Amino acid sequence: MLARFNPGGRGIANVNHLMPSIEQLKEAFTVAHEYMQKKSLHISANVCLPECILRPEDYPGMYISRCSIDVNRRPVTVNSFGDIRMCNHSPVTVGSIWESSIDSIVNSKYIEQWRQRPDYCSNCTRWDTCGGGCRAASEQFGYSLNQVDPIVTMMKPV
């Protein structure tokens with residue numbers, strides 16, 4: 001697995017030191033892709049990347065994930081207290097299985113926000129395959145889900 005730096009928690013305080021440049025990110029993916037082909041390996045990037053930063057077609061055969069807007073296809077996280085988060089990167093608790101029905105949680109206004117396109121992505125032709133990158137990263141920074149993945153504002157899109 002190849003993962004980008006996904007700022008959150010204490011990493012936010014040092015984001016300027018930890019975030020690679022777009023050139024460094026692309027170089028890491030290029031090296032991994034070449035090695036994958038040479039050694040017949042399967043490599044996946046399981047922290048989604050906005051397609052305005054890195055285009056999956058530049059790395060054929062490498063799986064680059066994206067977060068689905070379909071709640072049934074998301075990495076929903078439940079902790080031992082029954083608290084539900086839309087994914088393991090999100091700091092926001094949607095509800096608790098001990099206090100609310102799954103149906104009411106899945107149909108909440110908060111969940112609906114995950115289905116909506118951020119303003120930054122309003123005219124993007126890649127929305128259906130990209131989904132705006134890691135929207136939970138926006139939450140890590142204290143932004144709303146209407147904010148595009150912060151990696152977009154930290155790197156210059158292609």
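Q: Are Tyr110 and Trp114 buried or exposed?
A: The model is a predicted one, and a residue is called buried when its relative accessible area is under 20%. In this model, Tyr110 and Trp114 are both buried.

Q: What kind of aromatic pair do Tyr110 and Trp114 form?
A: The angle between the ring planes decides the kind, and planes over 60 degrees apart count as edge-to-face. Here three aromatic pairs are counted. One of them joins Tyr110 and Trp114, with 6.3 Å from centre to centre and 80° between the planes, so the pair is edge-to-face.

Q: How are Tyr110 and Trp114 placed in helix H4?
A: Helix H4 covers residues 109-115, and the two residues are four apart in it; they are therefore separated by about one helical turn.

Q: How many salt bridges does the structure hold?
A: Such a contact requires a side-chain nitrogen of Lys or Arg within 4 Å of a carboxyl oxygen of Asp or Glu. The structure holds four salt bridges. Among them is the one between Arg126 and Glu51, at 2.6 Å from N to O.

Q: Which parts of the chain does the pair of Arg126 and Glu51 tie together?
A: Arg126 belongs to the loop between H4 and helix H5 (127-130), while Glu51 belongs to the loop between strand S1 (44-45) and strand S2 (63-64). The pair therefore ties together parts that lie 75 residues apart in sequence. Arg126 and Glu51 are both buried.

Q: With which residue does Glu57 form a salt bridge?
A: Glu57 is paired with Arg126, and their closest N and O atoms are 2.6 Å apart. This pair also links distant parts of the chain, for Glu57 is in the loop between S1 and S2 and Arg126 is in the loop between H4 and H5, 69 residues apart. Glu57 has a relative accessible area of 46%, so it is partly exposed.

Q: Which residues are linked in a network of salt bridges?
A: The network links Glu51, Glu57 and Arg126.

Q: Where do Arg115 and Glu112 lie, and how far apart are they in the helix?
A: They lie in helix H4, three residues apart, which means that about one helical turn separates them. Arg115 and Glu112 form a salt bridge whose closest N and O atoms are 3.1 Å apart.

Q: What is the relative accessible area of Arg115, and what is that of Glu112?
A: The value for Arg115 is 29%, and this residue is partly exposed. Glu112 is partly exposed too, with a value of 37%.

Key
Residues are numbered from 1 along each chain as its sequence is written. This is a predicted model: local features need pLDDT of at least 70, side-chain atom pairs count only at pLDDT 80 or more; totals for chains, interfaces and linings use all residues. Side-chain values use heavy atoms; hydrogens and water are left out. Rings of Phe, Tyr and Trp (its six-membered ring) pair if their centres lie within 6.5 Å; planes under 30 degrees apart count as stacked, over 60 as edge-to-face and the rest as tilted. Buried means under 20% relative accessible area, exposed over 50%, partly exposed in between (1.4 Å probe, protein chains only).
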